[in-house]
Amino acid sequence: MQFDNPLIIQSDRTLLLDVHAPLANDCRNDLIPFAELERSPEHLHTYRLTPLSLWNATSAGFTPEDAVAVLKKYARYDVPQSVEMWITETASRFGKLRLLPGPQIEVPLNPAKALDESTTIESNKNTIEQYLYLTANSRPVYLEIAANPAAKKLLTPCKYDETAVSQKADLTEDEKNYCFSLKLTDRGTVKQELLKALWPIKDEIQLEDGEPLDFSLKEKTEAGREFAIRDYQKAAAQALVGDRGPGTGFGTIVLPCGAGKTIVGMHIMDLLKTSTLIITTNIAAVHQWINELLDKSNLSADQIAEYTGENKNIKQVTVATYQVLTWRPNKDGPYPHFSIFRQRPWGLIIYDEVHMLPAPVFRVVAELQAIRRVGLTATLVREDGCEGHVFSLVGPKRYDVPWKELEHSGWIATAECIEIRLDLPESKEVEYAVAKARVKHRLASENEKKILITKQLIHRFPEDKILVIGQYIDQLDEIAKQINAPIITGKTPNTERDKLYADFRSGKIQVLVVSKVANFAIDLPDASIAIQVSGTFGSRQEEAQRLGRILRPKKRTSRFFTLITRNTVEEDFGSNRQKFLAEQGYAYKIVRYTQESDLDEITPPIGVEQ
């Protein structure tokens, strides 16, 4: 027993981290690769070991022995033997099923089709279909997969035929005997279905090369500034590309907002030099990608296409939005723009903000398993619990780095997180008490006192560039009117958005009011204060993204203010949103507001310089 150690490991696979212990910060960083944060109150943070967290770690080369060693290093009491056993057995499931190249099979002509007088000679020929092998390393695993109802529809028991496969694989005798065949087109669906049954598949098929692209990064930007890839950005890109052999070229990279995920994506393009499709969250983000490519690479404007609601062009490098891809003319009809995935021999697909990947795109990603692909995100948290889809279809987490580590290195800004709690106006108390849950959240979020506090905070920071962020448009409109600041919402035309963002970057605008359209993929490097007046219930990834708006490195400390109505559902949702940031080492300071002087402890009093 080491009573100074910070970690208490319990037999139900929960991990309690004492944040006051000497090694608490080191322990938090070492837990990030293989444990998930569940709760983060003041003194004890609760982590949990899950199959997905272990498989993500294992796929990145983090062994079960590594995980057990971390637990033993920081454990206050002995690590339960049942936990050690579970880690070893669960992590070892990754690799017991391997996906390997299979034969090409000629599909016989359907006799009924031959009798159809409209069938031409050309279409009457037998077709060739590509098959794959799924091998199990033991008979029990093989039998369990064979009995799986979803797998039965997609897998056919068979014997591995080395003579039918050009790419030889190093198989054991058991794997040769315990084998299934499946259609190439079912590759992603099989991975998705078996992950639901807690059987991750190790995909070891060589990915196809796409159309070559003459791509290289510059040493100086268009403005003449020195440009160099940071060490962690190189490491992230290399973790994805690997040796370009089987099992490499797909996965997810997790880096904080402001750490240069776009640069990582472009460095991957430089390593692969192939035709690339980039998909991101909105038109402003599309334009940012295009501007970054023009500024930092050898590509010219006529080599890059925009595929959005406004422009639909396809070139060797194409940047599209999730929205246009998931649009369809009627609710039950097909998605006409999915054809973009097949209109060029793409060699790389970049899913920007991959945690936002919409469900319809998952269907396409299930088919696009032969293409190198990378998901970029600041957090893999999904409130719908679909992190497993990202793991099985885009790829497992290949690289992650603690936010605080980059802060200490100066690559992202130092940030303070401050929650200001205020009372609900007496005039709203009865209405709130009898309201339904959803209405309660809106009443608390639109607390009129938040406008006064927002004005006071802006007045106290005259030298900062400030973002006021919220969920409800009526509230944001009123704030924008009272502080005389421009506002960006989903209805703001894209040309006007781009102009306002540019004016904010250049300093023409000091304060900008934004709705949730600015949560993702917006580069506002000089923003140093964010005032969050309302949010999307308890969304942890939204909290991380909003903090990310002010994390570009700068000389001054960034501040993230959240305004919360006391003793309401907003307080509970606020606690949930803070979970992810607590995992990254950020602590919220909480201030109860009754009058303006209460802000003195967290902001300079009016007239006093910072």
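1. An open sheet is built from 7 strands in the order β12-β13-β11-β14-β15-β10-β16, with parallel pairing. Strands and helices here are DSSP runs, numbered from the N terminus: a strand is E over at least two residues, a helix is H or I over at least four. Two strands pair if DSSP finds at least two bridges between them. β12 (304-307) and β16 (397-400) are the edge strands, each pairing on one side only. From one strand to the next the twist averages 20°.

2. The model is predicted, so local features need pLDDT of at least 70 and side-chain atom pairs count only at pLDDT 80 or more, while totals for chains, interfaces and linings use all residues. Residues are numbered from 1 along each chain as its sequence is written, and side-chain values use heavy atoms, with hydrogens and water left out.

3. Within this sheet, β12 and strand β13 (residues 317-321) run parallel and are joined by 4 bridges. Tyr 307 stands opposite Ala 320 in β13. Helix α10 (residues 231-241) packs on the sheet and touches β10 (250-254), β15 (372-377) and β16. The direction of α10 makes about 170° with that of β16. Such angles run from 0 to 180 degrees between N-to-C directions, with axes fitted to C-alpha atoms, for helices over the stretch in contact.

4. Ile 279 lies in strand β11 (residues 276-280). Is Ile 279 buried or exposed? Ile 279 counts as buried, because its relative accessibility is 0%; buried means under 20% relative accessible area, exposed over 50%, and partly exposed in between, with a 1.4 Å probe and protein chains only. Leaving aside neighbours within four places in sequence, the residues in contact with Ile 279 include Ala 320, Tyr 322, Phe 341, Ile 350 and Asp 352. Contact means heavy atoms within 4.5 Å. The C-alpha atoms of Ile 279 and His 459 are separated by 39 Å, and the two residues are 180 apart along the chain.

5. A second sheet should be read separately. This open sheet also has 7 strands, in the order β19-β20-β18-β21-β22-β17-β23, and its pairing is parallel. β19 (487-488) and β23 (588-592) stand at the edges with a single partner strand each, so one side of each has no neighbour in the sheet. Strand β21 (residues 527-532) pairs with strand β22 (residues 558-565) in the parallel sense over 4 bridges. Ile 529 stands opposite Arg 559 in β22.

6. Helix α19 (residues 449-460) lies across β17 (415-422), β18 (465-469), β20 (511-514), β21 and β22, at about 160° to β22. Helix α21 (residues 494-506) lies across β18, β19, β20 and β21, at about 140° to β18.

7. The whole structure holds 33 salt bridges, a salt bridge being a side-chain nitrogen of Lys or Arg within 4 Å of a carboxyl oxygen of Asp or Glu. One of them joins the side chains of Arg 98 and Glu 175 (2.9 Å, N to O). Arg 98 is in strand β5 (residues 97-107) and Glu 175 in helix α8 (residues 173-177), so the pair ties together parts 77 residues apart in sequence. Both Arg 98 and Glu 175 are buried.

8. Arg 559 also forms a salt bridge, with Glu 416 (3.7 Å, N to O). Arg 559 lies in β22 and Glu 416 in β17, so parts 143 residues apart in sequence are tied together. Arg 559 counts as buried at 13% relative accessibility, whereas Glu 416, at 36%, counts as partly exposed.

9. Asp 600 and Arg 460 meet through their side chains in a salt bridge (2.9 Å, N to O). Asp 600 is in the segment after β23 and Arg 460 in helix α19, 140 residues apart. Asp 600 counts as partly exposed at 33% relative accessibility, and Arg 460 is buried, with a relative accessible area of 6%.

10. Helix α9 (residues 187-196) is mostly covered, with 7 of its 10 residues buried. Among them are Arg 187, Val 190, Lys 191 and Leu 194. Leu 198 follows α9 and has a positive phi, near 65°.
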